Amino acid sequence: MSKFVRIALMVALGVVMAVGISAAAVPDPGNSVIGTCLAFAPGGELLYTVTVNDQFGNPINNVAVDIDLTSCSAVQVCSGQDAGFTATGKVIEGHTNGSGVVTFTARAGGICQSVPGDGPIRIWAGGVKIGELTTNTSMDLDGSLDLGLIDFSDFVTDESALPPNLESDFDCDGTVGLLDLSLFATSEFLQPWHGFCP
Ligand SMILES: [Ca+2]
Ligand SMILES: [Ca+2]
């Protein structure tokens, strides 16, 4: 084997190893960030963002991120999600972009914490649990996967409570009020899907 061939093989091996290391980037819970307020809407209007980084704080591209609702008996998930997202049972999956970010439009309903002992909601990235939540909010408060009078009645009860029940804090601003009602009304009356699953 000539010196030139040996050098070429060593360079090729180095490239293969570098690719292997890159492909093996592992999500790091300490360097990743999950949204603290997970809001459901069958109509898909409410956003939830997760950022996945590795142990060095570098973003991980195209890693699968799961919102795992399997411990939430009162939560229902639309079988159809928006483009780029899938639902398998009670797990909604998306993939990060080049910045390590994925923003869900979680099409689901119900309140996980409404059943004592249920939860937590687990957030996974590439098979690694990067965080969990004990609560969620939901425009579809009764988990029927559409919006209707029962949800509106529940909203009024939540808004009237002292302090307000944050299950109805759809915009995640820490209170229940007109902005949340506006989101509900927009999904129910103004969007073509009327607050339903796709
Ligand atoms: Ca409902
Ligand atoms: Ca609010």
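Let's start with a hairpin. Select β10 (residues 121–125) and β11 (residues 128–133): these strands run antiparallel and are joined by 5 bridges. Strands here are DSSP runs of E with at least two residues, helices are runs of H or I with at least four, and both are numbered from the N terminus. Two strands pair if DSSP finds at least two bridges between them. Zoom in on Arg122, whose bridge partner in β11 is Glu132. Then click on Gly126: the hairpin has 2 residues between its strands, and Gly126 takes a positive phi near 60°.

A word on what you are viewing: this is a predicted model, in which local features need pLDDT of at least 70 and side-chain atom pairs count only at pLDDT 80 or more, while totals for chains, interfaces and linings use all residues. Residues are numbered from 1 along each chain as its sequence is written, and chains are lettered from A and ligands numbered from 1 in the order in which they are written.

Zoom out to the whole protein chain, which has 3 helices and 12 strands. Of its 198 residues, 34% count as buried (20 or more other C-beta atoms within 10 Å of a residue's own; exposed means 12 or fewer, partly exposed in between, with C-beta atoms placed from the backbone).

Next, select β1, β3 and β8, which form an open antiparallel sheet in the order β1-β3-β8. Its edge strands, β1 (33–34) and β8 (101–104), each pair on one side only. Between β1 and β3 (residues 48–51) there are 2 bridges; look for Ile34 beside its bridge partner in β3, Val50.

Finish at helix α3 (residues 178–190), where Asp180, Phe184 and Ser187 are buried. Seen down the axis, these buried residues fall within an arc of 70°, so they line one face of α3; the arc is that of the directions from the helix axis to the C-beta atoms. Leu178, Ser182, Phe189 and Leu190 are exposed on the other side of α3.
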